[in-house]
Amino acid sequence: MAAIPVELVADDASLALLEQALADQPGSASLQVALSWQLRQRDSGRALALAAEARQTGGLEPGEALRLDLVEAEFALLQGRTAEVEQRLQTLLVAAENLGDTGLIGDLHWLRTSLMEDMGRRDQVPACVAAARQAYLAAGDTARLDCLRARELSQGVFGDPIGVGRTLEAEFPPERDVGAAAGCWLATARALVAALTDDPAASIRLFMDSHRMGLASGQLRRAVVAASNAAESFSRLGDLDAALELQERTVALARSGGWPFNIGVALGRLGELMRRSGRYVEARRCLDEAEPLLARPVGGRAHVLAVQDRARLSQDEGAAEQAEAEYQKTLAWLDAEQTPDLLMESWRGLAQARFALGRRDEACRDALAALELARERRNTVTQIEVLQALAGMQESTDAALPLLESALALCESLSGFTVIPELLQQLARCEAERGQHERAYDFSRRALEAHRKVQSSKLESRALALQVRHELELAQAEAARHRQEAAALQETTATLVTLSQVGREITACLQPDEVFAALHRHAGALLPVTSFYIYLLDAAAGQLLPGFTSEAGLPIQLSPVSLDSPHSLTARCARERQDLVFDLSQDGEEARVIPGTLPTLSLLFAPLEIGERLLGVMTLQSALPKAYGERERSIFRTLCSYGAIALDNAGAYVAAERAQRQAQAALKELQQAQARLVQAQKMAALGSLVAGVAHELNTPLGNGLTAVTALDDQLREFRRGMAEQGLKRAAFDDFLSQVETGAELAQRNLRRSAQLVSSFKELAISPQMWDRLPYQLDEAVALALDEQREALKSNGAQLKLELPASLAMHGCRAALCAVLVKLIDNALIHGLATDVPGRQLLLRGEVDAATGRLALRVADNGKGIAAEHLGRVFDPFFTTRMGQSSGLGLYIASSLAAQVLGGELSASSEPGQGSTFLLELPLDDRREA
């Protein structure tokens, strides 16, 4: 079986089709490979088991075996074994490139991208993405290219959220449907754009879209991350309860997969949310569990985030020294080009920790490092926050004021940005300390207005969070309804699949008893059945005859039912040609008792019919009330349809079997008649041959016998004369003359008999008697002409040869020579009699380019062959010159041509226009002897 093409990730519908295909073909290694690949994140344990089964099954294509290696490599990555994965991917990449499987090469680079992200080597990610793109382009896989581009954009959001947002709108407009696989990454990219441009409500919706599409496409790792990000956006809206609830569900989802990375990410986000809620003990427990799970590789983005979360918790708990140590660890891992956002956070956190420890100079230096990086990255919000924190670290008002004024200017430069109330309050205090009371009052008033705006914004955010939560709950309820519908649909689909298999089994039965047994077995498996009956129509008698009966698994005796019966429900079903269902308990009736049957509360009847032709009725009965709803009726109708087809087929098969037996008997009788006819033909042919041989031998042998008898009479007469008269010279001479004449006559006829016997021997032609060797055509023709030289000379016919020069052949040269001799002999005796003027004999040979066969023509310009004789010239003993010809020459020539030379001899002629004999034979006849 050829390798099955596999998607990068498959949606639920495609996965269901794969599952069904494998159920139908349980031994298919290719289907095991495809399903293992799609389950690598959905169900890693089963994916590995399927990979092992596929290897054990054998017959894998090289690319399929490599894809199983890739499944195992991804599992190792999910377990955090990054060093092992890196080594395996290098080996697999060489093998895939040698194989030339561009799709597989792209998937290897896709996984390598994840590996580089997890190992913190973000500088190598662009090269991995470029290599994957090149491979997918070579494979012409647009679906994978969409996934890759969406993933690339989601990674680029942190550097330029606004630019990426524009790119998303241009390359992936809303009307473009890319499916759940790429849609999961696109939703993540759009959500990050919204989150980084201060639209948390939109980011929640988009992250949850990403979460749902991740689950639907088997990208569980992406689904966990998306749900954690949605929880973070809830917290930014001030709804920590919703954020914690969502994140707790995310942790449960991550734990179900059993992958350290996913569990660590989810626990880290949960711990941070608990920190913000003031639940420090629970937060510490979550973060302590998360950090080691994310430490492979050390310094990866997820690991840094986990350590930063622990550092912030330490600060909140008053453990500034511990916070300082943790921030210092992160700074040793981070790169300004690859993770500027994390680096800024670490510098700022370190500054706050050192300031809390009373190390003002170090704290200011760290804050300035964060400020410089924020300016390089044009991160205005971070600049404002760092300037505000830096101002608080200054010893004098004069030093703090310029920093606060710079922060205020940045706030006012942002369109729609509400100035931070605390910043305005700091400015008011500074101005008051400097004695600038009017300015201090103005900043205080503005701080109050900003505080009102912030409170209003918080209320709006809270309302928005509630609205988003409500929308998500509605979406979840809708999703639950869809899942229920999908489950019902899946159950219906499974039933249809089962019915399809049942139908194949039932319709494959070729005997009525087998059909009855199959229907009974499957009806009992699919439906509630206490009693099961099948009646068959006897149209001539106007009755329904019991064909199969079962009550509680045992056969019972039932009587035929008249079609006209007014009381029989079976007869009613047959007359009305439609299914009938009765629920006696619902109708308020007592359980019906049919003589010889169990009590019944539910009854179901359906006709067995093919087109307009009724075959019978099938009925189910159950002791359960309301046993047959619409689903059961639909299944029963389907079973009846299969049963009708099977019974019709069985009837046709029985009739066909009967007809076949009759045909076989007739064929046997015909074969016997043919054998008798062949024997009779053989005897007739033998009789004809014996008669021909007897006829041909009779004349020379009779003439010889007459000559010998006359000699015997003359000898006795000679002896008598010598005894009576003595020996006289005249009588002796006369005797000698008679003896010479008789002896010559006897000799001539005996030679003629010997020639005939020799000709008869030629009738027994066997290809094994002739040697097949290489020879030249002109050699065979020369031998034939040598043998006929005297005959040609005495006839006086002019011979003309037109033969290809040096034509090499392989076969029986002697047989070809014999055929030519007989054809020349036939022409001299029959066609070119001495009374024909201008006698000519033509021997022409040519090779047919189309067939590669040699065509030899022996033609004369003699008398020709009469039309009534032309069809008989190759019959044995047929001749128009009795006494001059045995009638065997052309027959022997035709037999040699067909049986020894592997060719064909044919004749054509017009009376008075001469005759042509055409011999067609292969140039190379190497048949086994």
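Colleague: Where is the place of Arg577 in the chain?
Modeller: Arg577 belongs to the loop between helix H25 (569-576) and strand E4 (580-583); helices (H or I, at least four residues) and strands (E, at least two) are DSSP runs, numbered from the N terminus. Please keep in mind that this is a predicted model, in which local features need pLDDT of at least 70, side-chain atom pairs count only at pLDDT 80 or more, and totals for chains, interfaces and linings use all residues. Residues are numbered from 1 along each chain as its sequence is written, and side-chain values use heavy atoms, with hydrogens and water left out.

Colleague: OK, and what phi does Arg577 have?
Modeller: Arg577 is not a glycine, yet its phi is positive, at about 55°. Most residues other than glycine have a negative phi.

Colleague: Why does Arg577 count as partly exposed?
Modeller: Its relative accessibility is 34%, so Arg577 counts as partly exposed; buried means under 20% relative accessible area, exposed over 50%, and partly exposed in between, with a 1.4 Å probe and protein chains only.

Colleague: What about the phi of Lys626?
Modeller: Lys626, which is not a glycine either, has a positive phi near 50°. Lys626 is placed in the loop between strand E6 (613-622) and helix H26 (630-725), and because its relative accessibility is 61%, Lys626 counts as exposed.

Colleague: Switching to strands, how do E1 and E2 pair?
Modeller: Strand E1 (residues 531-538) and strand E2 (residues 543-551) are antiparallel and share eight bridges; two strands pair if DSSP finds at least two bridges between them. Phe532, for instance, has Ser550 in E2 as its bridge partner. The two strands form a hairpin with four residues between them, and Gly542 in the turn has a positive phi of about 65°.

Colleague: And which way do E2 and E3 pair, and over how many bridges?
Modeller: E2 pairs with strand E3 (residues 561-562) in the antiparallel sense over two bridges, and the partner of Gln543 in E3 is Ser562.

Colleague: Is E13 enclosed or open, and why?
Modeller: Strand E13 (residues 915-922) has six of its eight residues buried, so it is largely enclosed by the rest of the structure. Strand E11 (residues 853-860) runs antiparallel to E13 and is joined to it by eight bridges, with Leu918 as the partner of Arg857. Strand E12 (residues 904-909) is also antiparallel to E13, through six bridges, and there Ser908 is partnered by Thr916. In the hairpin of E12 and E13, five residues lie between the strands, and Gly912 takes a positive phi near 80°.

Colleague: How many cavities of 30 Å³ or more does a search of the whole structure find?
Modeller: The search finds three; on a 1 Å grid over the protein atoms alone, a cavity is a set of points where a 1.4 Å probe fits but cannot get out, and lining residues have an atom within 4 Å of a point. The largest cavity has a volume of about 40 Å³, where grid points are joined across faces, edges and corners and a volume is the space filled by probe spheres set on the points.

Colleague: What lines the largest cavity?
Modeller: The lining includes Tyr775, Met809, His810, Cys812, Leu921 and Asp925. Strand E9 (808-811) and E13 are the elements that give two or more residues to this lining, and E9 gives the most, with three.

Colleague: Now the largest nonpolar core: which residues touch the most other members?
Modeller: Of its 80 residues, Leu35, Leu70, Leu89, Leu108, Trp110, Leu115 and Leu168 touch the most other members; a nonpolar core is a set of buried Ala, Val, Leu, Ile, Met, Phe, Trp, Tyr and Cys residues joined through side-chain atoms within 4.5 Å. Helix H10 (residues 179-196) supplies the largest share of this core, eight residues. Apart from it lies another core, of 43 residues, including Val821 and Leu843.

Colleague: Last one, which residues of H17 are buried?
Modeller: Ala320, Ala323, Glu324, Glu326, Tyr327, Thr330 and Leu331 are buried in H17, and what covers the buried residues includes helix H16 (301-316) and helix H18 (340-356), with contact meaning heavy atoms within 4.5 Å.

Key
On a 1 Å grid over the protein atoms alone, a cavity is a set of points where a 1.4 Å probe fits but cannot get out, and a pocket is an open set with protein on both sides within 12 Å along at least five of seven lines; lining residues have an atom within 4 Å of a point.
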